[in-house]
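Please examine the sequence and the structure before reading on.

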Amino acid sequence: MTAAATVVVLAACTANPAPVTDPSPAAPSGAPAASPAPTGPDPAAAALSARRARYGIPDFAPAPPPQPVTLPGGDAVEYLHRIPTDQKVAFLTIDDGYLKLPEGQELVAAAGVPVTLFLTTDAVRDDPGYFRPMIDAGAVVEAHTVTHTGLRGKSYEFQKREICDSADELATWFVRRPTLFRPPYGEKDATTLRAAKDCGMTAAFMWTETVHKGKVRYQIGKPVKPGDIILMHFREAFRDDFVGALKAIHKAGLTPALLEDYMPAPGQPPASAGPPGAGPRP
């Protein structure tokens, strides 16, 4: 090879080509790759909506922030037929607990709405675990006596035992001790309300609508009104009653809310006088 040829070859081997620029910056070493943005509906929400549709349960808007009421003080609890509020909410309550249909657990979970369970301890005692899936789904347990005996006219000692013992036993099963009370059949007297107070209850409750075999029965006239309390039971027609109550609430343009959220906060001073009413607005 001539000297000239050697120079040409060396020049070709040592020439630096122009660098190629990568238009996208390299990810830091060890950094995870970016996940693609989620698209479409949330699978869990879609599954829950499908379960509701299977039962005919309507979809509800979220309940508004609760506005707790104020209650009078004294040595007896207030007896409420409804919650005095103008918020577009109603309250679903389910009583007793004698009949434990597996479908009841599924319905409460599928609905995704708050309910209050006024449970009779003699009805619950054979299977407290039946109600735990409902509690996990947002239900709250309250007191409904030990034996479901009518209380009106009974002695203070008898009534206090029925109320206090039921609250204590429910607390052993479900951890939380009830703070609300419903007398069986809605029957009460002044002694009932005094005993309930001495048992640590905040209020006692009647109702404004009942549901039986899927039919809503109105005590004050249609439709369901803001603050109304609907009563149903653990019975054979649980599915029809539960769905019927929710449809009535939905048709009235209301949303189910939790009764306990509208009670005064623990330690809140009672109203000095006057009927129960809405608390201060934010």
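Glu169 and Arg125 meet through their side chains in a salt bridge, with 2.6 Å from N to O; a salt bridge is a side-chain nitrogen of Lys or Arg within 4 Å of a carboxyl oxygen of Asp or Glu. This pair links distant parts of the chain, since Glu169 lies in helix α6 (residues 156-174) and Arg125 in the loop between α4 (121-124) and α5 (132-136), 44 residues apart. Helices (H or I, at least four residues) and strands (E, at least two) are DSSP runs, numbered from the N terminus.

The model is predicted: local features need pLDDT of at least 70, side-chain atom pairs count only at pLDDT 80 or more, and totals for chains, interfaces and linings use all residues. Residues are numbered from 1 along each chain as its sequence is written, and side-chain values use heavy atoms, with hydrogens and water left out.

**Salt bridges**

The structure holds 11 salt bridges. Two further pairs are described here. Asp228 forms a salt bridge with Arg82, and their closest N and O atoms are 3.3 Å apart. Asp228 lies in the loop between β9 (215-218) and β10 (229-233) and Arg82 in the loop between β2 (78-80) and β3 (89-96), so this pair ties together parts 146 residues apart in sequence. The side chains of Asp95 and Arg182 also meet in a salt bridge, at 2.8 Å from N to O. Because Asp95 lies in strand β3 and Arg182 in the loop between β6 (180-181) and α7 (190-198), the pair ties together parts that are 87 residues apart in sequence.

The table gives the accessibility of the paired residues. Buried means under 20% relative accessible area, exposed over 50%, and partly exposed in between (1.4 Å probe, protein chains only).

| Residue | Relative accessible area | Class |
|---|---|---|
| Glu169 | 22% | partly exposed |
| Arg125 | 37% | partly exposed |
| Asp228 | 2% | buried |
| Arg82 | 28% | partly exposed |
| Asp95 | 2% | buried |
| Arg182 | 0% | buried |

**Aromatic pairs**

Eight aromatic pairs are found in the whole structure. Rings of Phe, Tyr and Trp (its six-membered ring) pair if their centres lie within 6.5 Å; planes under 30 degrees apart count as stacked, over 60 as edge-to-face and the rest as tilted. The ring centres of Phe91 and Tyr262 are 5.2 Å apart and their planes lie at 75 degrees, so this pair is edge-to-face. Both Phe91 and Tyr262 are buried. Ring pairs also join Tyr130, Phe131, Phe234, Phe238 and Phe242 into a cluster.
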